[in-house]
Amino acid sequence: MKRKHLMVLIPLLLLNLSACWDSDEIEDLGIIMAIGLDFLDEESARYSMTNQYVVPNNIPSSQTGGSVGTPYQNMTLNGDSFLSIIRQNSLESDRPPNYTHLKSMVVSEKLLRNEPINNIISFFLRDHEFRRTVPVFITRENVEDILSIEPTKEMFPAVQIKELTQNIDRSLNVQDNLDFGDLSKHISDRSSFVIPEVSINQNRIRLTGAAIISNLDHKIAGWLKPDEVGGLKWIKDTVQGGVVTIDEEHSGEEPVILEINKSNTKIEPVLKGDQLSINLSVNASLRLAEDWNVERNVFKPGWDKEIKKNSEAVVKESIEHVISLAQKEYGLDFLEFYTWVRIQHPDYWMKHEKEWNSKFSDVPVNVDVDFTLTGYGTQDIN
Amino acid sequence: MNEKQPSLPIIIFLISTIIGVGIVTLPRQTALIVGQPNMWVSVIFGSIVAFLNACLIFMLIKRFPKQTLFDFAPKVVGKWIGKLFSLIFVMYAISISAFIIRTMSEIVNYYLLDRTPNSVVLAVLVLSCMYLVSSGLSNILMFFQLYFPIIISMFIILTILSIKSIEVTHLRPIFVNDGLELLKGTNTTFFSFVGYELIMVLSGYQTFTKWRCMTKIIGISLGSVCAIYVLFFILNIGILSIGELKVITFPTIEMAKTIEYQGFFFERFELLFLFGWIVTIFTTLTAYYYSALLGVCKIINCKRNICLNTLVGTAIFSLALVPSGITELFSSATYLNNLSYAALIGIPFILLVISFAKEKFQ
């Protein structure tokens, strides 16, 4: 019996003894931080792809002090398919590209105008090296330019782009990252959605508005300006902070700026017979942050009445503006009202899922905004 | 025979055996059939069916204490038909082993070792299993107890890490009045509870005669597997959504890939899941391998030896290499399901009826 055991054991040992014969050293990997995709439509090549490589030797360390060059290197190559471009990299770089630590992907407007997004993303979802957490951005600038901009605080432009959206609780105009997973969900749900936009402002990367992707042809249908992104965030209940400005137009006096503490949006589809309507109610608490109308006495009861009324009007206007954009101008439900219809009225949804775009355009939406003012800060100067 | 026999090793054996490929592929299969956010209810239905079937099997083995299926089948239906039944069961055990290890090797190929040939991954697994099986059932039980905490802690860690990315809207509405769809899904979910039938083999090692003890063993093992499956279904639906589940090849692994903590030094949590999961595949393989080997020994009336061991190992290994790709592999599951019906419900039912009838007429 002993010998028989040995006969099994020896082949097993052989497998173990081979150890790390085909290992890859981490320094020899070409770790890619960002991908930029662009559309060329030339005779020789349809697409261009920018890969941002890490250059490990140029990463400043505490021992050597200052660095010699940038810690990243962009390589832009052209080809007819993404994988063929990636393989072309091997003709110019000795390090095989590795995408497991990809931080962001930037897609040009031109590409999304010409190719449906499901065709573009298909390869990246199929390949196992790409994670579902890679955020996607769209840009109207040249993709290569965006990825070559010296980042302000981070080491890599790729990280800078991705981390900008961490300020989601600072500004109403910043929306959450849209990653591969979200993108894929929208595509398999056949819903319209928005992609955050990045642009260049005085040689810095700046988050701007967003592009609307249609669920009909999966291409760009239109754009949202930065303040329209704010309205969209109120609707989608993703407001985590930011400011509401009451300007002279709304109050007839000096501007008042409020900071958002907490916000909650409820969307309730109401079905009467076969008539669907949607009640959208926003509840938020805000704080008086900046007041140019110094005459105001916040110690007098009822000081907040007018501010409350005006701020509600401002937000209601911005929400209604985005809703009318969605319903009238584009006829696309990128507001994700369909989620709530599906949850609350599954039967209705089953019946009208196919024609939701046209149904959605005619659904009356009642917007109700209710704010609470919770404070005015540490001092009120008169 | 001592009266007090520990049931914990048996429970651990059953849990380790039942959890297998189902946890990775079941969410997609169920989503394709049910396609509702409350499809995890199907899993509970599946476990109930499995429990009833396990009770049927228990009624059978209760009549033949200290005997395995391969021992009592010839006694009930005669030598040759009994051997045929044993052979069907052996074939079932071999094909289910081949199926799970092939699925595992495909996943290892996708996510871990993309340049290693399938056959090498399979050979490593089969060879190490061969070694474990050659040392007997009591060692196998011990091995399972050793790895059980690793498996369970992997599930717990993964759940804790991914719970924050659940989007509740994906899980709603919970109460949709389409029970028929859920029942249809039961046919699929039931097969992920396969593994409890091995009490027909364990019954040679330990006597099961009391209903109370048996319902406890079956109840706890099926119940905890059901809890783990429901939990992972909820995580899968909540993180990926139903529409996505239909198109992702291995949903649970993709779900593990969505775990991300900004600024944390460790990024690839799916590896954690894969390492734990490969152990569960290994335990499942060991259990079926052992049953097949025991069956072969009993059929040809000889002791367990290395030749038969190699024979069974080779059979599993070569059967696992038959499907040419992952699509063929998944479609071969239909044949496997039919074989399971025969081995799980058909054989025990026929044996039970005949043994009852024999008792009546004598």
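The model is predicted. Chain B has 17 helices and zero strands.

The overall dimensions come next. Along its principal axes, the C-alpha trace of chain B spans about 70 × 50 × 40 Å. The radius of gyration of chain B is 20 Å. A compact globule with 362 residues would have a value near 21 Å, so chain B agrees with that expectation. Of the 362 residues in chain B, 59% are buried.

Now to helix packing. Two packed helices are described by the angle between their axes and the distance between the axes. Within chain B, take helix 2 (residues 22-33) and helix 9 (residues 179-189). They pack at an angle of about 150°, and their axes lie 9 Å apart. Their crossing is right-handed. Helix 2 of chain B brings B:Leu26, B:Gln29, B:Thr30 and B:Ile33 to the contact. Helix 9 of chain B meets them with B:Glu181, B:Lys184, B:Gly185, B:Thr188 and B:Thr189. By class, this contact has two nonpolar, five polar and two charged residues.

A second pair joins the two chains. Helix 1 of chain A (residues 2-17) packs with helix 6 of chain B (residues 118-133) at an angle of about 145°. Their axes are 10 Å apart. Here the crossing is left-handed. From helix 1 of chain A, the contact uses A:His5, A:Val8, A:Leu9, A:Leu12 and A:Leu15. From helix 6 of chain B come B:Val124, B:Leu127, B:Ser128 and B:Tyr131. Seven of these residues are nonpolar, two are polar and none is charged. For the pair within chain B, the tally was two nonpolar, five polar and two charged.

A:Ser311 sits in helix 10 of chain A, which covers residues 304-330. Is A:Ser311 buried or exposed? Its relative accessibility is 0%, so A:Ser311 counts as buried. The cut-off for buried is under 20%. Which residues does A:Ser311 touch, leaving aside those up to four places away in sequence? They are A:Val244, A:Ile246, A:Leu258 and A:Phe371.

Notes
Residues numbered from 1 in each chain as written. Chains lettered and ligands numbered in written order. Predicted model: local features only at pLDDT ≥ 70, side-chain atom pairs only at ≥ 80, totals over all residues. Heavy atoms only, no water. Axes fitted to C-alpha atoms, helices over the stretch in contact; angles between N-to-C directions. Helix = DSSP H or I, 4+ residues; strand = E, 2+ residues; numbered from the N terminus. Left-handed = near helix turned anticlockwise from the far one by under 90°. Contact = heavy atoms within 4.5 Å. Nonpolar A, V, L, I, M, F, W, Y, C, P; charged D, E, K, R; others polar. Rg over C-alpha atoms; globule rule 2.2 N^0.38 Å. Buried < 20%, exposed > 50% of the residue type's maximum accessible area, 1.4 Å probe, protein only.
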